[in-house]
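Colleague: I would like to learn how to read a model like this one. Can we go through it feature by feature?

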Amino acid sequence: MMAGAGAGVLALGACSGITLAGTSQLGPVTTLGLDARQVRLDLEGTPVETWGYNGTVPGPEIRLREGETLRVPLRNGLPDPTTVHWHGISLVNAMDGAPFLTQAPVEPGAGFDYEFVVPEAGTHWYHAHVGHQLDRGLYGALIVEPRHEELSYDREYTLLLDDWRDGLDDRPEYSAGHGGHDATDDPALPADPREWVSFGGRFYPLTLVNARPPADPYTLDVRLGERIRLRVINAAADTGFRFAIGGHRLTVTHADGMPVQHVTVDAIRIGMGERYDVLVDADAPGAWQVGVMPEGRTGYGRAILRYLDAAGSTAPPPDLHPTELDGRLLTYDDLVNTGKQETPAAGSPDRTFALTLSGTDILADGLDPTEPFFVDSGEWVRFTLRNESMKWHPMHLHGHHFRVSTPGGNGPLKDTAAVPARGGELTFDWRADNPGAWMFHCHNHYHMEDGMMRTVTYR
Ligand code: C2O
Ligand code: CU
């Protein structure tokens, strides 16, 4: 088995960018131009006009090493203003791509040069951050490799999951097949709120994996005996997914790019904006469903895991439900941080914000609805979240990782964490170590655009 980084970076089918290496006093610089413009996709025979980067969906996968500098000249070939946000990177505030907060949106025909150091390794991603642009194809993976890889694996694949409606709004027949009915109207709510999982309420005809529909699935080729690393990223606007692979278990190694104690499960639940890295042992020859089930909705997305040595095996049908989807499901309580061990002095934070999610509002005890959350550099900040609404909300803090509180103590470092619906609670702590003005918002795009966003401002 080969050692990790760079070993077997295969089949990155969506990758089309050219990266140029150079050097400066900031260390090695990787330059990749992003050209935001119209793209045409073919989805199960329907030509779809959408927006993407460099003529592909997903946009080019960007790869560099921790501590290096990324330089991205952006050109806006869209009819609307845009920005790019580097989700999961603790970067310098001015490069965060938060419209009207860290920069003015880039006008059509204009450009903007992003340049920043990437301090930490991990599976991250980039996406447009103006209006509903992310709901089109304006996203891609941003993989930061560690200086010393500790995982050992033979191949890796990046899987970007997406709910899709662009160009399909007049195709109701999709709803009969692998459609995206919202189950919110279901009169028979499960008694246990934890069983009630819905991240959004829109109709989405398709679930895509690397922009491929169920009828034309993305394929992961493996050989018997190999160990595969998957980097799973939820780029959807309105959909949380359950993810599992028929005939295989998943060993989770990273949550939102940060290392955790390895834990083996049957399935993971991944909210919008979240990422999980998993290892899969290829020990069951055949062709298997990589099942991507929209939580709270009907229908499936999928990819195919195909053993090269088992050429005769045929792909499972698009509606096959791998039993693993109903097996042991990863929860945040299963995750133990093995990275940075910093903790608040005496275990207690310097400042606490008590937050209630209500409808699409983030209400803070003692603050006006539009008031920023002021923090001082260096202090430990605690957010306590209580979700009074009927949807799960994946809440994302820009520019920082936070530590989710779990009963076991040493919870995972994340930048996006879903708060369960109907009274669900979540607490996390983070160190105010990256000055600026940062967004804190729900990663459901409709919720964010409806105002489910607050600002964290360093005094
Ligand atoms: Cu990935 Cu402000 O978001
Ligand atoms: Cu939300």
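Colleague: What share of the 459 residues is buried?

Modeller: Buried residues make up 59% of them. The accessible surface of the chain is about 16800 Å². Carbon and sulfur atoms account for 51% of that surface.

Colleague: And what do the contacts say about separation in sequence?

Modeller: Take contacts between residues at least 6 apart in sequence. Of these, 76% join residues at least 24 apart.

Colleague: What is the mean pLDDT of the chain?

Modeller: The general rule comes before the number. Where pLDDT is low, predicted coordinates should not be read in detail. Here the mean is 89, and 87% of the residues reach 70 or more. Residues 1–21 fall below 50, although this stretch has 52 contacts in the model beyond near neighbours in sequence. Residues 173–185 also stay under 50.

Colleague: Now the metal. Which residues coordinate the copper ion (ligand 2)?

Modeller: Read a site by its donor atoms, then by their spacing in sequence. The copper ion (ligand 2) is coordinated by H393 through ND1, C442 through SG and H447 through ND1, at 2.0 Å. The donor residues follow the spacing H-x48-C-x4-H.

Colleague: Are C442 and H447 buried or exposed?

Modeller: Both C442 and H447 are buried.

Colleague: On to sheets. How do I read one?

Modeller: Strands of a sheet pair through backbone hydrogen bonds, either parallel or antiparallel. One open sheet here has four strands, in the order 5-10-9-7, with mixed pairing. Its edge strands are strand 5 (62–65) and strand 7 (84–87), each pairing on one side only. The twist averages 20° from one strand to the next.

Colleague: How do strand 5 and strand 10 run, parallel or antiparallel?

Modeller: Strand 5 and strand 10 (residues 139–145) run parallel, joined by four bridges. On the strand 9 side the sense is antiparallel. Strand 9 (residues 122–128) is joined to strand 10 by six bridges. There H124 stands opposite L142.

Colleague: Why is strand 10 called largely enclosed?

Modeller: Seven of its seven residues are buried, so strand 10 is largely enclosed by the rest of the structure. Check both faces. Y139, A141, I143 and E145 point one way, while G140, L142 and V144 point the other way. All of these are buried.

Colleague: Which strands stand at the edges of the six-strand sheet?

Modeller: First its order, 12-11-14-19-16-17: this is an open sheet with mixed pairing. Strand 12 (206–209) and strand 17 (258–265) stand at the edges with a single partner strand each, so one side of each has no neighbour in the sheet. Neighbouring strands are turned by 25° against each other on average, direction ignored. At one end, strand 11 (residues 155–164) pairs with strand 12 in the antiparallel sense over four bridges. D162 there stands opposite L208.

Colleague: What pairs with strand 6?

Modeller: Go partner by partner. Strand 2 (residues 27–31) runs parallel to strand 6 (residues 69–76), with three bridges. T30 has L70 as its bridge partner. Strand 3 (residues 34–43) is also parallel to strand 6, again over three bridges, and A36 stands opposite N76. Strand 8 (residues 111–117) runs antiparallel to strand 6, with seven bridges. In that pair L74 stands opposite F112.

Colleague: Last, a loop. Where is G273 found?

Modeller: G273 is in the loop between strand 18 (267–270) and strand 19 (275–281). For a loop residue, ask about accessibility and then about neighbours. G273 has 0% relative accessibility, so G273 counts as buried.

Colleague: Which residues does G273 touch?

Modeller: Leaving out residues up to four places away in sequence, G273 touches H87, W125, N234, T416 and H443. G273 and Y126 lie 147 residues apart in sequence, yet their C-alpha atoms are 10.0 Å apart in space.

Key. Residues are numbered from 1 along each chain as its sequence is written. Chains are lettered from A and ligands numbered from 1 in the order in which they are written. This is a predicted model: local features need pLDDT of at least 70, side-chain atom pairs count only at pLDDT 80 or more; totals for chains, interfaces and linings use all residues. Side-chain values use heavy atoms; hydrogens and water are left out. Buried means under 20% relative accessible area, exposed over 50%, partly exposed in between (1.4 Å probe, protein chains only). Contact means heavy atoms within 4.5 Å. Accessible areas come from the Shrake-Rupley method with a 1.4 Å probe; for residues, only the protein chains shown count as cover. pLDDT is the predictor's confidence in each residue, from 0 to 100. Donors are N, O and S atoms within 2.8 Å of the metal (3.2 Å for Na, K and Ca); water is not among the atoms, so sites may look incomplete. Two strands pair if DSSP finds at least two bridges between them. Helices (H or I, at least four residues) and strands (E, at least two) are DSSP runs, numbered from the N terminus. Axes are lines fitted to C-alpha atoms, for helices over the stretch in contact, and angles run from 0 to 180 degrees between N-to-C directions.
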